[in-house]
Amino acid sequence: MSTIARKKGVGAVLWDYLTTVDHKKIAHLYLIAGGFFFLLGGLEALLIRIQLVKPNNDFLVGGLYNEVLTMHGTTMIFLAAMPLLFAFMNAVVPLQIGARDVAFPFLNALGFWMFFFGGLFLNCSWFLGGAPDAGWTSYASLALDSKAHHGIDFYTLGLQISGFGTIMGAINFLVTIINMRAPGMTFMRMPMFTWATFVTSALILFAFPPLTVGLIFMMMDRLFGGNFFNPAAGGNTIIWEHLFWVFGHPEVYILILPSFGIFSEIFATFSRKRLFGYSSMVFATVLIAFFGFMVWAHHMFTVGMGPIANAIFAVATMAIAVPTGVKIFNWLFTMWGGSIKFTTPMYYAVAFIPSFVMGGVTGVMLSAAAADYQYHDSYFVVAHFHYVIVGGVVFALLAGTHYWWPKMFGRMLNETLGKITFWLFFIGFHLTFFIQHFLGLTGMPRRVFTYLPNQGWETGNFVSTVGAFFMAIATVILLINIVITTVKGEKVPGDAWGDGRTLEWAIASPPPVYNFAQTPLVRGLDAFWLEKMEGKKELTPAEPLGDIHMPNSSFLPFIISFGLFVAAFGFTYHNDAGWGLPVGILGLLITFGSMFLRSVIDDHGFHIHKEEVLELEKKGANA
Amino acid sequence: MANQTNSGNERVDLAYRRRKNAEEMRHQMIAFVLMILLTLIAFAAVGYEEFSHWFVVPFILLLAAVQVAFQLYYFMHMSHKGHEFPAMFIYGGVAVMLLLVWAFTTVVWW
Amino acid sequence: MHAEEKLTAETFPAAPERATLEGKNKFLGFWLFLGGETVLFASLFATYLALKDKTNGGPSAEELFQMPIVFMATMLLLTSSLTSVYAIYHMKNFDFKKMQLWFGITVLLGAGFLALEIYEFYEYVHEGHKFTTSAFSSAFYTLVGTHGSHVAFGLLWILTLMIRNAKRGLNLYNAPKFYVASLYWHFIDVVWVFIFTVVYLMGMVG
């Protein structure tokens, strides 16, 4: 049990992580796997920028460029940004609501392994003929035409598997937040990051099923002779576009709302002031999520839905700027009059405001349907969504990494290196993407692998590529920082920054396996800050010290997901080889067999005894 | 302890709960009869060729909606206390459903 | 209350499915899952509606659908919904044997429904309405087939629960499991109500 105290062999640690159901370790897994895919996606971005550094370049030509481009987008959205956000949700949300665990520890682990094997399957395509090459949106008219290799099949099956994992994660967080809040933690006392996680999870629950259905259709069409998107048999490729964007637009809010949550925590902490307009922040979050479902077709203005549909979706889209503006002003007012401490996370938070606002403004420009006909499919769009996703989400991920690293690992990342990372990344980001607005406005199309000289695009593209390398160097420095910190970083107390406001800072860093020895009593918003202001060092407990119930570890989540991984290979090749169908069925048998085992073997968990808790608490206090 | 109806006397308590359960079962039985009736009417409306389909289609959709409400509120106990979040998320799903059906029947017109 | 405690009718709680924290979580989590399932089926229905007239020379809905078999299937599934209500009624009364009996009847009715559906698909294929025939046929089989696979999964699930718990009776560990399985079964029925209305009846109206 006392994993913190004892040194263990590599094998034991590995087995521990393969079978863990502890949300803090699952957070580590998400961070590592998401971080790995982030590097992969970043590498793909660099390859794209190298190809575009000069006109008529032949570094990545035609099909290969399409594959790298597709995998960059797909990897970054599904396998990097979302899992990294899930890492922070897992690490922080149960702590912020004063819970010992999540509602479904087993499901939580299953969700991670599904995502992992889905991502692995998708990336196997590189070694098996070729990666998907129809863009991250994989429009059916392109995807059904991509017949040279199985790339698109890897996309449809890989994303289905990882999508199941995401839905499980969402249900787990929703139930955790609804059912497992500590006494006194009312909904309107929840930290903003927890609120954002709650709303995001609801979005995932409603947005992922349409994607799953779209992917099933695509799989049917490509592998089993279906006709959903085949116009020759009465099918309609527009259906894919709708299903994809019914998922795809909420997806960008699934990414940005938790990022807003992270920044809300950081602004309040380092302004050492209560978040301005807390209730309007909550309301704005819910409103954004609500509107987020009614705007998907603004990605399809040029499809030809007709003027009425375009007008409805344009107006709905513009409306989203209002709650978003409310948030921006709340953050500014949080800083106003605060006693600001410029730490690395705060650097990102402050830089986020202008960067994200620029992305928001171009978003409103794009939402004007008539003007969109001009911007559509140009680099202007590329610049827009990188401003919101890098300037919003990636900044938040980097900020969150620096902010919660001490909580997750018990050591503080080096601040100097952190600030160097920030400046390089910040400069590199604007260098890369600002100029792309103008490339787009002067007509450079997106997704095309090269351009001709003397069209006025040489300088812009060169600058953009230089910027990409700045971001790459920044990432390398962050990695160095992580290595140095892990080897000899200074150990930190529970309240690592000294200004912690929410419950996670009230317990040891890293937290003990049971999180809270005694469930805390929450007496208001920013519960830990309240106690500190009254001169206390600890939270008021809501229960006497007693035995703590914990869930058992299990290897089954790994096997269930592995079964789907095997099945996906089988079904991908079932038209080409005789082994395809048997392997597919074998994979499903592995999955359903282990689900059956899970169902029939009772799992009551175990108890950590009071004495052991006391001992661990003493050690935690000394560390 | 989880019995909200705890009167202190377990026997009385049990008798009360049994009666309450039986009463609920009676309601569910009525709901079932109505559901079967609604189904019969729907099939009959379609089987009877004289009705225009402009009448039949909205009519049977209405019957389906009523029937589903019976399922949710009686058979799945959504009328009971403690179903606020379930109701919220089911209605959320229904809202997305209406949106999708609206979109797929109007703006997908090729 | 401890999950494995031996209980009597007197000590059995009024809402056994929500008497423990695990039960409460399971109950809520499953309802949320059903919310997601609603959207999943909504996507399938919406696509079906968009493609239902694209028969590509194959048989149309009006030519294919036969009222008697659909009516029979509907009656079987509706009745199985009622029998699972009876099972839960007996669960609340702490009558394990009767609960098992009614769940058993539910499973039989469900199996009857599934058999009818398989027979129906078999007939359609013989009439030239294959999965690969047209956009309509693909959408039809995917929507109705997804529902059918839910029925099959539900059958196996309830059967597993019945066999696994046959010897140990009711406790607060398995009561939420039975309850949630019955919710799933009702949800399958909810979806079927829309399938027989939107797919079959509206298909026959033309």
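This is a predicted model: local features need pLDDT of at least 70, side-chain atom pairs count only at pLDDT 80 or more; totals for chains, interfaces and linings use all residues.
A salt bridge is taken here as a side-chain nitrogen of Lys or Arg within 4 Å of a carboxyl oxygen of Asp or Glu. Residues are numbered from 1 along each chain as its sequence is written, chains are lettered from A and ligands numbered from 1 in the order in which they are written, and side-chain values use heavy atoms, with hydrogens and water left out.

Between chain B and chain C, 9 residue pairs are in polar contact, both at pLDDT 80 or more. A polar contact is a pair of N or O atoms within 3.5 Å; within protein, one must be able to donate a hydrogen and the other to accept it, and residues adjacent in sequence count only if both atoms are side-chain atoms. On the side of chain B that touches chain C, two or more residues come from each of α1 (10–47), α2 (53–75) and α3 (84–106) of chain B, helices being DSSP runs of H or I with at least four residues, numbered from the N terminus. The largest share, 20 residues, is given by α1(B). This side of chain B holds 35 nonpolar, 15 polar and 6 charged residues. Ala, Val, Leu, Ile, Met, Phe, Trp, Tyr, Cys and Pro count as nonpolar, Asp, Glu, Lys and Arg as charged, and the others, Gly among them, as polar.

In the interface of chain A and chain C, 38 residues of chain A are in contact with 35 residues of chain C, where contact means heavy atoms within 4.5 Å. The count of salt bridges between these chains is 2. Arg164(C) and Asp602(A) form a salt bridge through their side chains, at 3.3 Å from N to O.

Within chain A, Ser509(A) lies in the loop between α16 (458–488) and α17 (527–533). Ser509(A) is buried, at 12% relative accessible area (buried: under 20%, 1.4 Å probe, protein chains only). Its side chain makes a polar contact of 3.0 Å with the side chain of Lys407(A) and reaches the backbone oxygen of Pro493(A) at 3.2 Å.

Note on methods: Buried means under 20% relative accessible area, exposed over 50%, partly exposed in between (1.4 Å probe, protein chains only).
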